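Here's a quick briefing to read alongside the model. Have the sequence and the 3D view open as you go.

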Amino acid sequence: MSKNLVIVESPAKAKTIEGFLGKDFTVRSSFGHVRDLPRKGKVIDIENDFSPTYEVSEDKEKVVADLIKLAKGAEMIWLATDEDREGEAISWHLSEALNLTKANTKRIVFHEITKPAILKAIQNPRGIDINLVNAQQARRILDRLVGFELSPILWKKIKPSLSAGRVQSVAVRLIVEREREITKFKTTSAYRVVALFNVGTAVLKAELDKRFATKPEAQAFLEKCKPATFTIGNLETKPAKRSPAAPFTTSTLQQEAARKLGFSVAQTMVVAQKLYESGKITYMRTDSVNLSETALNQAHEEITTNYGAKYHHKRVYKTKSKGAQEAHEAIRPTYLNVTSIDSERNEMRLYDLIWKRTIASQMADAELEKTTATVLISTATEKFIAQGEVLKFDGFLKVYLEGTDEEGEGEDMSAAQAENSSMLPPMKVGEKLEYSEIVSTEKYTHHPARFTEASLVKKLEELGIGRPSTYAPTISTVQKRNYVVKEDRMGTPRNYSVLSLVKGKIADETKTENTGAEKSKMFPTDIGMVVNDFLMQYFPDILDFHFTAKVEEEFDEIAEGKLVWTKMLKDFYKPFHKTVEKTTEHSERASGERLLGVDTATGKNVYVRIGRFGPMVQLGESTDEIKPRFASLRNDQRLESITFEQALDLFRLPRVVGQFEDKDVRVSIGRFGPYTQHDGKFVSLKKEDDPYEVSLERCIELIEAKRIYDIERILKTFPEDDTVKILKGRWGPFIARNKENYRIPKGTDYNELTYEDVFKIMGPVKEVKVVGKKGKAKKAAVKKLPKEKVATVKKAAAKKASPKKVSAKKDIKTLLAVKKVVKKKATKKAAKKKA
């Protein structure tokens, strides 16, 4: 056994490091965190200084057992997890879980996985930095407290299964507020005038220094231009320069990968993690823009060799981020002389982006010459302005140009394109010009841009909310919880006017453009808006940008040893918990309810609101003798914008689209989405099928396709019992019987299974006695279970739990006693409500 055990958090990282160390070192992976707060129960002792209870997760028990065995046989254990707070916490948890001692444990850190970096780390070990660990603990515990205390309020006041979090709720607020800003935005139009002048054989394009509010004003101006003389009134030339962007931090990498490669934030981090663990780039979670001397020297050599000495300009960037974390260098290739890598396509593309950005950051400025020409109009006071620039020296543009998030921006220009795109022709003051065309085009104002993932990261960083390790999880979480959706949306056609003056005649045209199209933008859902409004009303501090940024700063202070983590939690928790108690007691239910109007056919009110299964329309009152009717909103409809007519139209479902095989074919929307029903069987409609418009022919096509699928998925039947089948499933063959599914043991060939084998797998049904509150024994059929499971079922039944909650354990076939009690409770509740 090796004298030294090195523990890292990922297998890929372990494999790379093992290649650098000799036979005296064994490198193993912990596969991430080995301990965490249990998912359920009271795991934080608030009265005892917020003391947490940690446990080794079930899936890590074998990993920990193997590491304990290896640690006992090693003379020295090296904890080599990542250098940020999360990595430090993993090392601390490993130390606790493996019962390591300070005498035989050393902590090593490095920001790149190269042989020199690893050997240097081995030569310069340190202990576990408890300040970094406490900063991570404080974040984890605070976020758990916020989530565990806010979420039950949302279940009670809005809808079951909702959740809230400190940073994610602020992200949702940003998206909701931007959407409402867009909704309130009033589009206006103005006429922009552009002229093309002949300058020798070249053409000069110039724009009027004024826009006209109305079409008559624009037309009047063009009338003035008919007899006018156009003269160059002024020429102004100024030198200018453009400097390269700093090397990548986590957030700028996420933004640029989204702009240039179309990556999501999560995808960028997954690819970057692979590049780091294989030793190709430095650590990818960092706020630093600093480059090491080694990297600066490599950049100098690479630039002077490939582009010449005049292209090199050494730059030392300083981090502006107030709470820059512990990673000490920007994201860069480990070896800058490696211009490309042979790897998976996305890894190659991201590496190329990182290499270009790093090299460009050490290159000379691009030198430009900007020229402004003023064209005077003899019959008007307005002027035409032409602007152009000439690229005198491309500098860093030879390698890289940073993208932008501006709406309407095209693809990034290369240096050559930049040089040729806006050059002005040779001119002199006093020179007279002839126009070839003057065009006045109606232009509409554009609402503020919706957030992309990249621009949301940028905004969070500007506000000081979150840190490099939190951006990607935050954006993924708000989408998983259906508070936000990222999607494309089709635009709508819009007419605009174009007035053209050519050869002394004015032409008037009406053209059409597509407006409002969105690509990969973030939209708030109805439930996201309702949750945001509720939290803004009752927990304004949690959603306050400055408050959230201040909490992040306090985590930074804990990491630097300037603030005691338990004091920070006390100061936060006390007022927060009081607000929780007050809100639980006094707040009203929130559903985003709007009264749209009264249905003339029935005289009943029409409402939209959030229901148990999402946004819906309600026709009638819940207190009426006749139950109200409900209809789900369509995917493109929103609580805040749906009209009365659109709401009533939703009650066209269920509808009969026709007959097939002498039976009605119906279309409706259920809990799991739109479907067609025929002969007692249900078939889901596809994403592209609109339940309000789908034809009979399309429904028959889906029904027949489902029949074929049902036949083809039957792998085996049994003559002893025609209700038992072996079916083809997504994860492999399984046994089905009367809507109950049973997993076939791994490695078992389903072709060899007899009916007796299948019966053994399914297990016999066993009856147990359940005693209710009145002491009466009732029977419930339960699958053959271990003793502790049977006890759980008995306990659940005795408490008269909801059948749905009990059946979710997948251990129970029926709980007759519970069903009767629940039904009786529901009847009493309905009678009470009616009264």
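Which ring does the charged end of Arg 173 sit over? That would be Phe 545, with the charged end of Arg 173 4.0 Å from the ring centre. A charge counts as sitting over a ring if NZ of Lys or CZ of Arg is within 6 Å of the ring centre and within 35 degrees of the ring normal.

A word on ground rules: this is a predicted model, where local features need pLDDT of at least 70, side-chain atom pairs count only at pLDDT 80 or more, and totals for chains, interfaces and linings use all residues. Residues are numbered from 1 along each chain as its sequence is written, and side-chain values use heavy atoms, with hydrogens and water left out.

**The whole protein**
- The secondary structure comes to 24 helices and 32 strands, taken as DSSP runs numbered from the N terminus (helices are H or I, at least four residues; strands are E, at least two).
- Take the contacts (heavy atoms within 4.5 Å) with a separation of 6 or more: 68% of them are between residues 24 or more positions apart.

**Aromatic pairs**
- The whole structure has 20 aromatic pairs, counted when rings of Phe, Tyr and Trp (its six-membered ring) have centres within 6.5 Å; planes under 30 degrees apart are stacked, over 60 edge-to-face and the rest tilted.
- One of them is the tilted pair of Phe 212 and Phe 221, at 5.3 Å centre to centre with 35 degrees between the planes; Phe 212 and Phe 221 are both buried.
- Phe 718 and Tyr 755 form another tilted pair, 6.1 Å centre to centre and 55 degrees between the planes.
- That pair links distant parts of the chain, 37 residues apart: Phe 718 is in the loop between S27 and S28, Tyr 755 in helix H21 (residues 755-762).
- Both Phe 718 and Tyr 755 are buried.
- Ring pairs also join Phe 50, Phe 539, Phe 547, Phe 572, Tyr 573 and Phe 576 into a cluster.

**Around Asp 721**
- Asp 721 is in the loop between strand S27 (714-717) and strand S28 (724-729).
- Asp 721 is buried, at 12% relative accessible area.
- Leaving aside residues up to four places away in sequence, Asp 721 touches Arg 737 and Tyr 755.

**Another charge over a ring**
- Lys 260 lies over the face of Tyr 400, 5.0 Å from the ring centre.

Notes: Buried < 20%, exposed > 50% of the residue type's maximum accessible area, 1.4 Å probe, protein only.
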